[in-house]
Amino acid sequence: MNSQNMTRDARLRAVSWEALPEAAERMTGPDALMLNMESASNPMHTLKVAVLDTSRRGRPVELAELAALLPQYLGKFPRATQRIQWVRGCSARPYWVPDTDFDVTRHLDERRVSAPGRRADLDAVLSDLAVEQLDRDHPLWALTLVHGLEGGRQAIVVRVHHAVADGLAALNTFMAATAEPGHAVEPAPVAVPADDVDTRALSRSARAESRRLARELPALVRTVRRSVAKRRKVENADRIPKPLTARRTSFNSRSGATRVCASADIPLYAVQQIALAANTTVNGALHGIIAGAIREELIARGEEPGASVTIFGVCKDLTSSRTYGNEIATSSAYLRSDLADPVERIVATGESCAAAVACRREVGFELTEKLSTYTGRLGPFFRSVASDLMPVVMNNITTANLPGPRTTRWAGDVEVVDWISFALAIAPADVNLTTYSYAGRLSMGLIATPESMPDPAGFLRRVSAAVDEAADALGIRCMAQEAS
């Protein structure tokens, strides 16, 4: 492109955004895709759970206390006080605008579990919250304070729409909202404008951007070609599943709107030792362990434990401190649940995961970002077709694995003793397992439909058993026991 064309394009972009009010922000393509995927039977909010130990302060956290405290800190998180504003004719990608009617109490509620308040009781609350969709007239988050957990503990459960934050942004939000022992979080009071954004200005901006996007279609085609060419040249392509080649299993059952949740944890140290002994990464070892659990689950269901396929997100920039937005692109890998030997299974799965991540890094993220800007409304269509009609599927399970803090975090004099994340169960791959490392443990949050995962807690027990199986096979059983 010559300098004259570059100057012209820069001028056109400036014109398209000059009409946009300062307080408004057009939703990105990836964020809009997450918003548009939602339906009555397909909730698109995630659950972030902080288990609290209030023994140091000598009294429990009260909801009124949170209502008074939160506005002093929500200024750190722009989406916390922004709502969606649609523009007629351009509704595939709406705008984020200030919620001038923001009231924090509208986003708060509380629950109490019956004694003894164990993990299963909390999971039951989470299963209910997983289908309570958020009010789109206000910022897309809600907080539930759960009382009555074992040992006098409580939990804070935040429902946040995936259009607001991906896994890394949610982790960064948690880190910004908490501190190391003996440290405090700096206040950042909420500041909401008094006047609503001029919708006529939004319409002008949206039309101008639509014209710009039309002019940039040839550039999109070139991006597609470059990405396809890069994909063909990647190394170890045979270790990466091709699209729509995963066999259907009972993990991909036709399902409805109900969700079930289960949580557990496994020793991070044990998985690290397995990775070291198998000469793979922690991510590869973890997925090999999950493959072992899938194998046992399918055998118990009377199914052939062939190779399974996972889809997981690769973050564009793991060092980013952003607290909102979706900057991930998906990769798929084989979970070698077809292999009976646990060491072979972990090695082969690790090789596929490594190849998938390397391929994503090589191909890049540009196509995902650009394509979703043009196709924000097509995702729900393809999902509905794939969920019930296609003889094959993209994947059998969805996974996520992110490194978290090495020690527990604190909010004032309250210790966060556990941090659990639950993502999305989207047909036809209704099983989603998210793991975060937290204070020496790998915290697991499994969300699924009851049709695809009748006993989610039982599946997590299979994951724990697969850790022991791998440790035994690698001769590091004692290390895993010490870590436990």
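This is a predicted model: local features need pLDDT of at least 70, side-chain atom pairs count only at pLDDT 80 or more; totals for chains, interfaces and linings use all residues.

Visitor: Okay. How do H7 and H10 cross, and at roughly what angle?

Guide: Helix H7 covers residues 217-233 and helix H10 covers 342-363; their axes come within 9 Å and cross at roughly 145°. The crossing of H7 and H10 is right-handed.

Visitor: Which residues make the contact?

Guide: On H7 they are Ser227, Lys230 and Arg231, and on H10 they are Cys359, Glu362 and Val363. Sorted by class, that contact between H7 and H10 has three charged, two nonpolar and one polar residues.

Visitor: Let me zoom out. How many helices and strands in the protein?

Guide: The secondary structure comes to 14 helices and 15 strands.

Visitor: And what's the radius of gyration like next to a compact globule?

Guide: It agrees: a compact globule of 484 residues would have a radius of gyration near 23 Å, and the protein has 23 Å. Along the principal axes, the C-alpha atoms fill a box of roughly 65 × 60 × 40 Å.

Visitor: What lines the largest cavity?

Guide: Its lining is Pro43, His45, Ala130, Arg259, Ala423, Leu424, Ala425 and Ile447. By class, that makes six nonpolar, one polar and one charged residues.

Visitor: What about the second largest pocket, what volume does that have?

Guide: About 1,100 Å³. It has 42 lining residues, and the closest to its centre are Leu70, Phe77, Leu143, Ile156 and Ala177.

Visitor: Which element gives the most to that lining?

Guide: H5, with five residues. Several elements each supply at least two residues of the second largest pocket's lining, including strand S2 (45-53), helix H3 (63-69), strand S6 (141-149), strand S7 (153-161) and strand S13 (414-422).

Visitor: How does the lining of the second largest pocket split by class?

Guide: There are 31 nonpolar, five polar and six charged residues.

Visitor: Where do Pro116 and Pro428 sit?

Guide: Pro116 is in the loop between strand S5 (108-112) and helix H4 (119-129). Pro428 is in the loop between S13 and strand S14 (432-438).

Visitor: Which residue has a positive phi although it is not a glycine?

Guide: Leu244, at about 55°. You'll find Leu244 in the loop between H7 and strand S8 (260-267), and H7 is the helix that crosses H10.

How values were computed: Residues are numbered from 1 along each chain as its sequence is written. Side-chain values use heavy atoms; hydrogens and water are left out. On a 1 Å grid over the protein atoms alone, a cavity is a set of points where a 1.4 Å probe fits but cannot get out, and a pocket is an open set with protein on both sides within 12 Å along at least five of seven lines; lining residues have an atom within 4 Å of a point. Ala, Val, Leu, Ile, Met, Phe, Trp, Tyr, Cys and Pro count as nonpolar, Asp, Glu, Lys and Arg as charged, and the others, Gly among them, as polar. Axes are lines fitted to C-alpha atoms, for helices over the stretch in contact, and angles run from 0 to 180 degrees between N-to-C directions. Helices (H or I, at least four residues) and strands (E, at least two) are DSSP runs, numbered from the N terminus. A crossing is left-handed if the near helix is turned anticlockwise from the far one by less than a right angle, and right-handed if clockwise. Contact means heavy atoms within 4.5 Å. The radius of gyration is taken over C-alpha atoms; the globule rule is 2.2 Å times the number of residues to the power 0.38. Grid points are joined across faces, edges and corners, and a volume is the space filled by probe spheres set on the points.
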